[in-house]
Amino acid sequence: MTSLRAPSPAVKMALSRVCWARAALWGSAVAPGPFVTRRLQLGRSGPAWRAPRSSKLHLSPKADVKNLISYVVTKTRAMNGSYHRFLGRHFPRFYALYTTFMKGIQMLWADGKKARRIKADMWKQNLKFHQLSYREMEHLRQFQRDITKCLFVGLISIPPFANYLVFLLMYLFPRQLLVKHFWTPKQQIDFLDVYHGLRRRSHSEVITHLRRASALVSHEKLRRHLTDLCTKVQNGTHPTAQDVLALRDCFSTYPLDFSRLQASQVRALSRAMLLTPYLPPPLLRRRLKSHTTVIHQLDRALAKLGIGQLTAQEVRSACYLRGLNSTHVADDRCRAWLGEWLHISCSLKAIPGAATREGHSIHLRGHRRVWQDKTNGSNSGDR
């Protein structure tokens, strides 16, 4: 008989792998080594063998991703709420500044999206600025001013490590460096009072220039009427619409023609309208004319819309833009003042040459703003 040979090492290794596989899959009586047993039963309290997990949990991977995102969002909101409560409890002043800053960013972003939509509609429909509705025109005008100030702050933050200094300056000088979105409610009232006080300081200078120029008016009746009106305004008498409109011809010739005003007069009018006076005279004239033209276009759009369609806040904003410190004036008085303003402004569009480059109606609107605001300030305690 032929003797049996011992299996080779390769056969032994193959057989052992088969035994281990059977033990892992079918619970065979073949006892694997202790390492395999521990590996199979790691973390399990029951037997080594367990039925395969159901494949139903993996039928919709998109649902699993959505559930994961929802879970992350929920946890993030909870952590954010806890962080806000911690700041409000331990650092109340910092928390007030933090919430104001975050809300300001959100409001400025929303204004930017709305301005972009309005610009897109203007491009698609081939519309000009004066063809928009009142609210769209006002939104574009205000957003342009806000974004100009934000761009200035961004430019001075470009140099290395300058942003840390800019943050400190914004905290110390919020009125000069920040827009109204980042002001607290108290700061909004206080800063509007400060701005109104700045423009009121130029009223006396404007009236003084008018009195001096009245002596050079060739028409005797207009010269006398202008002198009397300046005296009434200085004494605190509120001018009527007829008093102002009677002088419209006076501002179309020398010496009150807009193109012939002295540089000091242009600077005084710029300060009265919260425009920077630190520009060369040609740029001052151009900016003053552009500003008053935009206000006149807003007046025409507002007259078409109707004052009754405005909210109380919109009425106050419109009055403040046109010279009245509406933060301390009742709503009915603001509406009456704005109605009188619109009556005069819409009457000026019928003046021959009112839309020409001479801009005498623009000049009259600027002085009418000073006359009315000076008397309103005197009657309201000079606020």
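1. **Salt bridges.** A salt bridge is a side-chain nitrogen of Lys or Arg within 4 Å of a carboxyl oxygen of Asp or Glu. The structure holds eight of them. One joins E138 and R141, with the closest N and O atoms 2.8 Å apart. Both residues lie in helix α5, three residues apart, about one turn of the helix. Helices here are DSSP runs of H or I with at least four residues, strands are runs of E with at least two, and both are numbered from the N terminus.

2. **What kind of model this is.** This is a predicted model: local features need pLDDT of at least 70, side-chain atom pairs count only at pLDDT 80 or more, and totals for chains, interfaces and linings use all residues. Residues are numbered from 1 along each chain as its sequence is written, and side-chain values use heavy atoms, with hydrogens and water left out.

3. **Overall make-up.** The protein has 16 helices and zero strands. Its accessible surface is about 24,700 Å², and 61% of that belongs to carbon and sulfur atoms. Areas come from the Shrake-Rupley method with a 1.4 Å probe; for residues, only the protein chains shown count as cover. Of the 383 residues, 33% are buried. Buried means under 20% relative accessible area, exposed means over 50%, and partly exposed is in between (1.4 Å probe, protein chains only).

4. **Contacts along the chain.** A contact means heavy atoms within 4.5 Å. Take the contacts between residues at least 6 apart in sequence: 63% of them join residues at least 24 apart.

5. **A pair in α8.** D190 forms a salt bridge with K186, and their closest N and O atoms are 2.8 Å apart. The two residues are four apart in helix α8, so about one helical turn separates them. D190 is partly exposed at 32% relative accessible area. K186 counts as exposed at 59%.

6. **A pair in α15.** R335 and D331 meet through their side chains in a salt bridge (2.9 Å, N to O). They are four residues apart in helix α15, so about one helical turn lies between them. R335 is partly exposed at 23% relative accessibility. D331 is partly exposed too, at 25%.

7. **The largest core.** A nonpolar core is a set of buried Ala, Val, Leu, Ile, Met, Phe, Trp, Tyr and Cys residues joined through side-chain atoms within 4.5 Å. The largest has 38 residues; Y134, C319 and L338 touch the most other members. The elements giving two or more residues to this core are α4 (92-125), α5 (134-156), α6 (162-172), α8 (185-200), α13 (281-305), α14 (312-321) and α15 (331-348). Apart from it lies another core, of 13 residues, among them I207, L222, C230 and L256.

8. **C319 and C334.** Which residues does C319 contact, leaving aside neighbours within four places in sequence? They are L324, S326, C334, W337 and L338. C334 lies in helix α15. C334 is buried, with a relative accessible area of 0%. Not counting residues up to four places away, C334 touches V315, R316, C319, L324, S326 and V329. The C-alpha atoms of C334 and S317 are 9.9 Å apart, and these residues are 17 apart along the chain.

9. **Helix α14 and its end.** In α14, the buried residues are V315, A318, C319, Y320 and L321. G323 follows α14 and has a positive phi, near 120°.

10. **Helix α9.** This helix (residues 203-214) has 12 residues. From first C-alpha to last it reaches 16 Å, close to the 16 Å expected at 1.5 Å a residue. The expected span is 1.5 Å times one less than the number of residues. Its buried residues are H203, V206, I207, H209, L210, A213 and S214. They cover an arc of only 160° around the axis, which puts them on the same side of α9. The arc is that of the directions from the helix axis to the C-beta atoms.

11. **Helix α12.** In α12 (residues 263-272), the buried residues include Q265, V266, A268, L269, S270 and A272. Just after α12, L274 takes a positive phi of about 60°.
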